[in-house]
Amino acid sequence: LDELLQELDQFLDRELPTHESKWGDQLDSWDARCAWQRVMADNGWAAPAWPAEHGGRGADIMTQLAIEERLSARGIIQRPGVLGLNNVGPTLIAYGTEEQKQSLPRILNTDEMWCQGFSEPGAGSDLAGLRTRAVRDGEDFVVNGQKVWTSNGMHATHMECLVRTDPDAPKHAGISVLLLDMTTPGVEVRPIKQINGNAEFAEVFFTDVRVPVENLLGPLNQGWTVTRTTLGHERAGVATMAAHLEREATELVRAQAARPADDRPRAADVDRLLASYVETKIVGRLSAQALSSLARGEQPGAEQSVIKLAWSEAGQRLAAARLALAGYSGVAGEPALASAQGYLSARSSTIAAGTSQIVRNVLAERVLGLPRE
Ligand SMILES: Cc1cc2nc3c(=O)[nH]c(=O)nc-3n(C[C@H](O)[C@H](O)[C@H](O)COP(=O)(O)OP(=O)(O)OC[C@H]3O[C@@H](n4cnc5c(N)ncnc54)[C@H](O)[C@@H]3O)c2cc1C
């Protein structure tokens, strides 16, 4: 591991200053982030979890975490193609035909940007209730329906799309996964503006969209099993983010301690921050345990749900503490906006990848063995 991290440090020392000076104040722009992902891909760092034969490093989850920590310490949090790199790519590696796997290098170098078309109006928590239909017609499936909350939908060139292929089968058994080119006629993407002012999601409408049958990923009507691979990778990502939260809280505590005597925060805000800090420490320990059991090849179990719940709710409390500490400057002015944005953005973490209520249901039924209502 030490050798690998040394190689990463050398890569960052060599490439990051050139990239930063090239993009200057545009560093956070979409184009700059794509350019940086390409630099990472050229050097084998865009998807360390992928096997070496596909351009990764075969890193286990603890190594991935160490790499992510190194990157985040240098200000690199997420690659723009994160959904392709973390979720779709591993699913293609597990289920894709040789032809479908041709997408892998293009995912690494940003030529292909992927999104996940799972949720629909009326099918979020109850994902298996999805109604977007795909009907076989000759050598194509014809797709009609709608997706919603599609992250990165506006930038995506392709979608991993869940469709109903057998309306008569029990709801989990009639679903398939199609790999859909977003430029196909009949695909319409409408961005959704969020409470934080950004538009990171889209609604996607399909009207008689023809998808070649060779774009079916995995067996027909077994999309639910294929999707579980994708969602499993999404949950591993949550455990990694939980580990970052502790670091964020520690930095915030240090920043408060360094404030000059005439600019001390209010005692109530300090109390709130310290409570939040302790909470993130606990979440950090929990996620370290879960990550090491994943590294030993154990199935993600109840801990995974506890972490999702604890991480998302602790993250919201930390964001509230940060906003309170920033005071008036938290809602007006530069670093301010960052606190307000962080506060608003944190609202989504208790919805994405399973709402808090759904996760509590899972824990109640599968861990505590409580009866269903
Ligand atoms: C940041 C973010 C990114 C996302 N990215 C994507 C993406 O890329 N692709 C994609 O397909 N989707 C994405 N989603 C959608 C996400 O998967 C859904 O929002 C989520 O599954 C909840 O579904 P819903 O919004 O339809 O809410 P609903 O399922 O309608 O739930 C509404 C409310 O009812 C509660 N509820 C529902 N059922 C129960 C129950 N049985 N018991 C108790 N309470 C219940 C929920 O907890 C919630 O409070 C994203 C969401 C967010 C916030």
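Biologist: Let's start with the sheet: how many bridges join strand β6 to β7, and in which sense do they run?
Modeller: Happy to look, bearing in mind that this is a predicted model. Strand β6 covers residues 187–192, and Pro191 stands opposite Ala202 in β7. The two strands run antiparallel, and the number of bridges joining them is six.

Biologist: Which residue in β7 is the bridge partner of Ser151?
Modeller: Strand β3 (residues 140–151) pairs with strand β7 (residues 201–212) in the antiparallel sense, over nine bridges. Within β7, the partner of Ser151 is Phe201.

Biologist: Thanks! Moving on to β5, is this strand largely enclosed or open?
Modeller: Strand β5 spans residues 175–181 and pairs with β4 in the antiparallel sense over seven bridges. Two bridges also join β5 to strand β8 (residues 216–217), again antiparallel. Six of the seven residues of β5 are buried, so the rest of the structure leaves this strand largely enclosed.

Biologist: Which residue in β8 stands opposite Leu178?
Modeller: Leu178 belongs to β5, where it stands opposite Cys161. Strand β5 is also joined to β8 by two bridges. In β8, the residue opposite Leu178 is Leu216.

Biologist: Is His158 buried or exposed?
Modeller: His158 is found in strand β4. Beyond its neighbours up to four places away in sequence, His158 touches several residues, including Trp114, Cys115 and Leu180. With a relative accessible area of 16%, His158 is buried.

Biologist: Which residue has its backbone oxygen 2.6 Å from a polar atom of the Arg164 side chain?
Modeller: Leaving aside neighbours within four places in sequence, the contacts of Arg164 include Ala128, Gly129, Lys171 and Ile175. The backbone oxygen 2.6 Å from a polar atom of that side chain is in Ala128.

Biologist: Now for charged pairs: with which residue does Glu279 form a salt bridge?
Modeller: Side chains of opposite charge can pair when their charged atoms come close. For Glu279, the closest N and O atoms of the pair are 2.5 Å apart, and the partner is Arg317. Glu279 lies in helix α7 (residues 267–295) and its partner in helix α8 (residues 302–326), so the pair ties together parts 38 residues apart in sequence.

Biologist: Last one: how many salt bridges does a search of the whole structure find?
Modeller: One of them joins the side chains of Glu139 and Arg136, at 3.6 Å from N to O. There is also a network of salt bridges that links Asp137, Asp140 and Arg210. Over the whole structure, the number of salt bridges is 22.

Methods. Residues numbered from 1 in each chain as written. Predicted model: local features only at pLDDT ≥ 70, side-chain atom pairs only at ≥ 80, totals over all residues. Heavy atoms only, no water. Polar contact = N/O pair within 3.5 Å; in protein donor to acceptor, adjacent residues only side chain to side chain. Contact = heavy atoms within 4.5 Å. Buried < 20%, exposed > 50% of the residue type's maximum accessible area, 1.4 Å probe, protein only. Helix = DSSP H or I, 4+ residues; strand = E, 2+ residues; numbered from the N terminus. Pairing = 2+ DSSP bridges. Salt bridge = Lys/Arg side-chain N within 4 Å of Asp/Glu carboxyl O.
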